[in-house]
Amino acid sequence: MFLSVFDVFKIGVGPSSSHTMGPMSAANRFLDLLLSDEWPRPSTGAHVAAIKVSLHGSLAHTGIGHGTGRAVVLGLMGEHPDQVDPDKMDAIIDGVERSGRVTPPGHPAYWFQPKIDLIFDKKVPLPGHANGMAFSAYDKDERLLVKRIYYSVGGGFVVTDTELEQMRAKKKSAAGSARIPFPFATAKQMLEMAERSGLTIAQMKRANEESHMSRAELDAGLDRLWEAMNGCIDRGLKNDGIMPGGLKVRRRARQIHDKLQEEWRSNRINPLLANDWLSVYAMAVNEENAAGGRVVTAPTNGAAGVVPATIRYYLHFHEDADQHGIRDYLLTAAAVGGIIKHNASISGAEVGCQGEVGSAAAMAAAGLAAVMGGTPEQIENAAEIALEHHLGMTCDPIAGLVQVPCIERNALGAVKAVTAASLAIKGDGQHFVPLDACIETMRQTGYDMSEKYKETSTGGLAVNVVEC
Ligand code: SF4
């Protein structure tokens, strides 16, 4: 099993990796398919004239709040999550709505009227996964030419129905990969390999990454990730106002930040200093995410605040913090994120919020424990503590928006991550619940969880708070 650090952390736009970035990428994949030879033309003159899209399961239930429709339109215009300019998105969508066509670069114009051709089908889920999408292309006489099913499986990953089956079959078979030096698929294997090699988790992960790219490329990519995360925090601390979507939730990070700076300047004693800074950093990221700004999946958009907040905390409060530490942090966090994704899930639609904010907290705790000088055992312990205390957490965003409870939840996830790292560092790495057992518990709990609590906004807070 090999999941690159650049698969776990991806630069994109908010508000949701599975409901925004995934569908945008799926639309791009469908456009690529239309130009390819991978589908049989019924006749030599068969030309695609129109596209229709249906969204299913969780994408249909919470897609409006998560901006899924907008993401599909942008994707069909050839926009990619990591490149689209958030400031131009509204104009692009307005243009498609006015013309009733999409005009992706390198393609002819296709008829696509979002109000008619984009269907939120809440009645019929697709069989493979809760986040299903069907893209269909028609000729000018409305004859179906080609249809593809895609699933957005969390963290911005998109697979076809065939790929999903292959992925599941692979998981059941041998977990290892011969092409990387440290093919750990579980925390147990990771610890055994660390012991045998004498390397840290970050060093093993680095060796795996460097079997696919140069050291300079890896370091430049890691630095770019942190730059994007840090930029997101800074924008979130500056921006103010009401977040989009209709809930009328006001941004709070800027105001809290102003107060904290004032406190800092006046040397007033704040017994909750670290917690407050962690919280404001995480909230800044998730407010940007809710507003559709540029964010980094970590491992998802909904949980994007935890990792950046704890890295900024590390820079703020740890005297020896530096760029090398940030790289080791990201590599260690990605190693843990990859194990969780491989053995359970990082998708709220699959296992609830324990898979999103819980995984983010486990990754952050591991990263922080690593840069605090933790042994591999202490790092594994930190990740386990953080994940264990998110077990059972449901996904119930009010109005299907990634705002309440998501924004504060990231703040609390960051606080738990730091506490977990600190507890683990104070121990000797020996502990009662192995990380693998905790991950398996999360998987089983998610499997048993009612669909109401898996990103459908049909249960929990989403039905008990009256929207104003
Ligand atoms: S409740 Fe958690 S899993 Fe659900 S959308 Fe919010 S952050 Fe994501």
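This is a predicted model: local features need pLDDT of at least 70, side-chain atom pairs count only at pLDDT 80 or more; totals for chains, interfaces and linings use all residues.
Reader: Which residues surround the ligand?
Author: Let's look at the classes before the names. The shell has three nonpolar residues, one polar residue and two charged residues. Cys counts as nonpolar, Glu and Arg as charged, and Gly as polar. The residues around the ligand are Gly302, Cys353, Glu356, Cys395, Cys406 and Arg409.

Reader: Why do the buried residues of α5 line one face of the helix?
Author: Good one! Helix α5 covers residues 89-99, and its buried residues are Met89, Ile92, Ile93 and Val96. Seen down the axis of α5, these buried residues line one face because they fall within an arc of 95°. An α-helix has 3.6 residues a turn, so residues three or four places apart point the same way. For α5, the value to remember is the arc of 95°.

Reader: Which residues are exposed on the other side of α5, and what do its buried residues pack against?
Author: On the other side, Ala91 and Arg98 are exposed. The buried residues of α5 pack against α4 (68-76), β3 (101-102) and α6 (114-117).

Reader: Is Ser347 buried or exposed?
Author: Ser347 lies in the loop between α14 (323-343) and α15 (348-351). Leaving aside neighbours within four places in sequence, Ser347 is in contact with His129, Asn131, Val153, Gly154, Gly352, Gly355 and Glu356. Its relative accessible area is 1%, and buried means under 20%, so Ser347 is buried.

Reader: Is Arg327 buried or exposed?
Author: Arg327 is part of helix α14. Not counting residues up to four places away in sequence, Arg327 touches Arg206, Asp219, Leu222 and Asp223. With 14% relative accessibility against a cut-off of under 20%, Arg327 counts as buried.

Reader: And Glu142, is that residue buried or exposed?
Author: Glu142 sits in the loop between β6 (131-138) and β7 (144-154). Exposed means over 50%, and at 64% relative accessibility Glu142 counts as exposed.

Reader: How many Å apart are Glu142 and Gly57 in space?
Author: Along the sequence, Glu142 and Gly57 are 85 residues apart. In space, from C-alpha to C-alpha, Glu142 and Gly57 are apart by 26 Å.

How values were computed. Residues are numbered from 1 along each chain as its sequence is written. Side-chain values use heavy atoms; hydrogens and water are left out. A residue is near a molecule or strand if one of its heavy atoms lies within 4 Å of it. Buried means under 20% relative accessible area, exposed over 50%, partly exposed in between (1.4 Å probe, protein chains only). Helices (H or I, at least four residues) and strands (E, at least two) are DSSP runs, numbered from the N terminus. The arc is that of the directions from the helix axis to the C-beta atoms. Contact means heavy atoms within 4.5 Å.
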